[in-house]
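The questions below take up a few of the labels used for this structure and ask what lies behind each of them.

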Amino acid sequence: MLSIKNLQAQVEDKQILKGLNLTINPGEVHAIMGPNGSGKSSLASVLAGRDAYEVTGGEVEFYGKDLLELSPEDRAREGLFLAFQYPVEIPGVSNINFLKTAMNEIRAYKGLEPLDAKSFLKLSKEKQQLVEFDAKLVNRCLNEGFSGGEKKRNEIFQLAMLEPRLAILDETDSGLDIDALRIVANGVNALRSKDNAFVVITHYQRLLDYIVPDFVHVLFDGKIIKSGTKVLALELEEKGYDWLKESVHAPIV
Amino acid sequence: MEKENQLLEEIANSEYEYGFVTNIETDKLPEGLNEDTIRFISAKKQEPEWLLEYRLKGYQAFLRSKMPEWQNFKMPDIDFQAISYYAEPKPKKQLQSLDEVDPELLETFEKLGIPLNEQKLLAGVAVDAVFDSVSIATTYKGKLKELGIIFCSFSEAVKEHPELVKKYMGSVVPHSDNIFASLNTAAFSDGSFVYIPKGVRCPMELSTYFRINAQNTGQFERTLIIADEGSYVSYLEGCTAPRRDENQLHAAVVELIAMEGAEIKYSTVQNWYPGDKDGKGGIYNFVTKRGICKGRKSRISWTQVETGSAITWKYPSVILQGDDSEAEFYSVAVTKNKQLADTGTKMMHLGKNTKSRIISKGISAGHSHNSYRGLVYVGPKADYARNFTQCDSLLLGDRCGAHTFPYIETKNKTATIEHEATTSKIGEDQVFYLNQRGIDDEKAVALIVNGYVRDVINQLPMEFAVEAQKLLAISLEGSVG
Ligand SMILES: Nc1ncnc2c1ncn2[C@@H]1O[C@H](COP(=O)(O)OP(=O)(O)OP(=O)(O)O)[C@@H](O)[C@H]1O
Ligand SMILES: [Mg+2]
């Protein structure tokens with residue numbers, strides 16, 4: 001569904017992504033790990049179309065379309081979802097109205113009628129249960145005054161509502177307490193199907209105990225320097241990144 | 001009576017003497033304002049003599065007044081003598097079907113979600129007798145009458161209830177208040193009158209909308225609302241349909257009087273033509289609105305959503321005379337392109353334990369300038385008066401300006417006055433977040449703005465709130481980026 005070839009991007013004249021390759025098929029879960037500042041969130045941002053990033057090379061294909069040609073909202077409407085590392089607060093905008101707008105925009109793009117109020121509420125109830133999201137938060141303003149963990153859980157609630165084809169979770173686990181981590185992971189697992197895929201950005205094996213990845217990649221200095229199975233994550237947990245960094249800097253003979 | 005009739009006849013006949021009306025069929029007075037024009041207007045409307053005198057007093061005050069100079073924009077040169085001060089209810093060309101209406105206007109109606117019948121009404125298309133609102137209006141008229149509520153045009157009130165008009169007109173906004181109020185006093189065309197008797201809770205929102213077509217009120221309307229002891233009324237002014245107008249002066253006067261225990265809620269959605277992108281055309285909106293909490297425990301609240309006009313100059317104010325009275329001012333003012341808004345309020349605390357609350361939200365886009373100007377005055381007898389002011393500005397883009405001028409004048413040490421102010425920009429992060437959920441820039445900004453003004457919009461009656469939200473979205477269209 002997604003194929004990234006030799007992707008290069010910069011922000012404020014600083015090269016961040018330096019030739020990144022990644023292919024994702026429906027039904028797969030990919031974990032991306034890597035040291036702070038290696039470019040994980042940048043990759044997510046570039047895929048989602050954040051303005052500050054300039055793509056300087058490479059290509060990205062999403063379901064046969066040139067993803068980089070699409071506006072951020074059309075990427076979302078095509079089924080790309082980003083659970084933000086730092087979700088923003090939008091004061092005064094009701095969470096549920098925002099979601100309804102989002103959902104109906106996406107439906108309109110697909111040529112579907114807007115969901116009537118009743119079906120929308122029914123769906124919202126179902127998904128709240130699925131990801132155990134507090135009904136009170138649903139009716140509050142979008143992330144306004146939410147705790148760090150509540151914001152992350154709101155991302156997952158939105159994910160459940162919008163049912164994207166590809167979801168990128170950027171450190172959704174950080175800031176979650178132990179119970180919340182399990183709940184969020186269960187939610188994600190419940191949403192997994194043979195038709196959708198997940199990219200899980202994380203620093204910790206803990207999350208991958210719950211959401212078991214098919215592939216694990218290590219991002220370093222704007223490139224994927226190693227890919228493997230879930231075993232790689234365990235290895236990283238044990239050894240850190242240094243052994244890999246060395247192999248990058250060593251001249252390839 | 002006989003004498004009065006005679007007088008009227010004399011005045012009516014004297015028209016010809018002055019020669020400014022050569023043809024009685026004419027529906028428009030030539031440009032210019034002088035005592036004769038005023039006499040002509042008064043006679044045309046068959047007004048009693050005291051009202052003519054009052055108009056003339058207003059005119060004298062107008063002659064003595066200077067243009068205000070303190071506002072935060074350059075006052076345009078308004079040629080008061082280039083305006084015609086009397087026109088018969090415009091014999092607008094009756095349109096036979098919606099096909100004859102400017103398509104751009106229809107598109108706007110469409111966006112506002114105004115039902116077809118109302119579209120016809122607003123566009124001035126001959127409306128079938130079966131039009132729903134007509135019957136609704138008459139049903140309510142009956143109901144209102146039963147309760148003793150008077151709700152009619154100002155001219156009608158002058159005829160039917162002269163004692164009330166005479167007693168209260170000019171009691172809150174004196175004829176010499178400011179040049180525009182004086183001008184209005186001299187030349188007002190028509191307007192609305194409301195009286196709610198003691199202890200009556202008006203069962204419906206009263207709205208100029210019901211009368212707008214019958215009346216076709218002019219640019220100098222007057223509104224007078226009196227809520228007698230223990231009564232309640234919610235009044236809605238204006239409708240959200242855009243008017244196509246040239247560069248015109250609009251100088252209205254609104255007076256509210258709340259007796260002991262009475263409450264008046266006054267809501268406005270103002271969407272006069274703002275002029276084009278380059279600032280050509282548009283309405284000069286110079287309006288004087290003031291209420292008085294006359295009795296103990298009375299309440300007045302002003303809520304306004306101002307999106308239109310080339311220039312908005314208005315400060316809906318409240319005199320808190322009665323002890324324990326309360327006043328509120330909730331405002332959203334949007335400016336874009338080259339629009340100018342200088343708006344705010346005055347809260348004059350005279351009575352003990354009086355409370356006021358000011359929430360002002362300015363939104364500026366394009367090259368526009370948006371100023372909040374507020375005065376909180378606490379008089380020597382106003383023990384324990386309290387005011388809370390929150391005044392927020394939102395900037396879209398970096399070529400617009402937001403300014404706040406809060407003045408506080410207190411002559412009583414027991415007063416508590418709080419003031420909060422913020423200026424913010426719509427965050428790129430916020431827009432991107434919404435984009436990432438499938439919402440385009442324009443809708444994203446509309447959502448964010450609606451969130452920003454929520455505290456004010458929530459004060460509006462339900463349907464009005466919905467319309468105001470749509471209006472905000474429409475007026476900010478194209479202001480993004
Ligand atoms: N707007 C910006 N201006 C300058 N540098 C930026 C900007 N945004 C990101 N960067 C830089 O790009 C690099 C990659 O950042 P990114 O957020 O992608 O890292 P990350 O892998 O997600 O790190 P973490 O694990 O800490 O979340 C960092 O060095 C960061 O400082
Ligand atoms: Mg990151």
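**Labels and their grounds**

The model is a predicted one.

Q: Which residues of α4(A) are buried, and what makes them line one face of the helix?
A: The buried residues of α4(A) are A:Phe120, A:Ser124, A:Lys127 and A:Gln128. Viewed down the axis of α4(A), its buried residues keep within an arc of 105°, and therefore they line one face of the helix. These buried residues pack against α3 (95–109), α5 (135–139), α6 (148–162) and α7 (178–191) of chain A.

Q: Why is A:Gly57 called buried?
A: Buried means under 20% relative accessible area, and A:Gly57, at 16% relative accessibility, therefore counts as buried. This glycine has its place in strand β4 (residues 53–62) of chain A. With neighbours within four places in sequence left aside, A:Gly57 is in contact with A:Asn6, A:Leu7 and A:Gln8; between A:Gly57 and A:Leu7 there are 5.7 Å in space, C-alpha to C-alpha, although they are 50 residues apart in sequence.

Q: Why is A:Ser41 called partly exposed, and why is A:Gln85 called buried?
A: The cut-offs are under 20% for buried and over 50% for exposed, with partly exposed in between. A:Ser41 stands at 25% relative accessibility and so counts as partly exposed, whereas A:Gln85 has a relative accessible area of 15% and is therefore buried.

Q: What makes helix α11 (residues 428–435) of chain B largely enclosed by the rest of the structure?
A: Six of the eight residues of this helix are buried, so the description applies. The buried residues of α11(B) are B:Gln430, B:Val431, B:Phe432, B:Tyr433, B:Leu434 and B:Asn435, and their cover includes α1, α2 (72–77), α3 and α6 of chain A together with α12 (441–452) of chain B.

Q: How many residues of chain B are in contact with chain A, and which residues of chain B lose the most area to chain A?
A: Contact joins 18 residues of chain B with 32 residues of chain A. The area buried between the chains is about 2,100 Å², and carbon and sulfur atoms give 64% of that area. B:Phe432, B:Tyr433 and B:Arg437 lose the most area in chain B, together 37% of what that side buries.

Notes:
Residues numbered from 1 in each chain as written. Chains lettered and ligands numbered in written order. Predicted model: local features only at pLDDT ≥ 70, side-chain atom pairs only at ≥ 80, totals over all residues. Heavy atoms only, no water. Buried < 20%, exposed > 50% of the residue type's maximum accessible area, 1.4 Å probe, protein only. Helix = DSSP H or I, 4+ residues; strand = E, 2+ residues; numbered from the N terminus. Arc of directions from axis to C-beta. Contact = heavy atoms within 4.5 Å. Buried area = accessible area lost by both parts, 1.4 Å probe.
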